[in-house]
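Please consult the sequence and the structure shown below.

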Amino acid sequence: VINMRADSKATSNLIPTLWVPWLDIWYIRISPRILKNAVMQSRQVIASKGKIYVYCKVGRHRSVVMAAAILIAQGYSADKAMQLIKSKRPIADPEPNYIKKSIFNFERWWLDYLGVINRSDV
């Protein structure tokens, strides 16, 4: 479980929970480096056939950024990740500028991290 709520550090003794606090405010974009920790842990869970549940307060913005980052790390483009998320959760809204920019920033950062593109190309 990945909790994206800044106001609630809900945890469970039964289910491993990662708290990635982030305020859903238009002028605050989440850093790709903050997403990376959760993405790396998610990749380990997925590789061992586990499942990831990402949530925020309403499930429209913060959780969309994290879910898109996880999908990007699985090989999806940012556009395809957003399309898949919207098809599975119609209330998801990756369209606000600060949300979309956070997703595309992570995609560029991730590709750079993998060495697929040069930092000068971004």
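Helix α1 (residues 32-47) has 16 residues, which at 1.5 Å a residue should span 22 Å; its end C-alpha atoms lie 21 Å apart, in agreement. The expected span is 1.5 Å times one less than the number of residues. The model is predicted: local features need pLDDT of at least 70, side-chain atom pairs count only at pLDDT 80 or more, and totals for chains, interfaces and linings use all residues. Residues are numbered from 1 along each chain as its sequence is written, and side-chain values use heavy atoms, with hydrogens and water left out. Helices (H or I, at least four residues) and strands (E, at least two) are DSSP runs, numbered from the N terminus.

In α1, the residues P32, L35, A38, V39 and S42 are buried (under 20% relative accessible area, 1.4 Å probe, protein chains only). Their cover includes β1 (2-5), β2 (18-22), α2 and α4.

The axes of α2 (residues 62-73) and α4 (residues 97-114) come within 10 Å and cross at roughly 25 degrees. These two helices are therefore roughly parallel to each other (angles under 35 degrees). Contact here means heavy atoms within 4.5 Å.

| Helix | Residues in the α2 and α4 contact |
|---|---|
| α2 | V64, V65, A68, A69, I72, A73 |
| α4 | I99, S102, I103, F106, E107, W110 |

I99 lies in helix α4 and, at 0% relative accessibility, counts as buried. Leaving aside neighbours within four places in sequence, I99 is in contact with W22, D24, H61, V65, D93 and P94.

Key:
Axes are lines fitted to C-alpha atoms, for helices over the stretch in contact, and angles run from 0 to 180 degrees between N-to-C directions. Angles under 35 degrees count as roughly parallel, over 145 as roughly antiparallel, 65 to 115 as roughly perpendicular and the rest as oblique. Buried means under 20% relative accessible area, exposed over 50%, partly exposed in between (1.4 Å probe, protein chains only).
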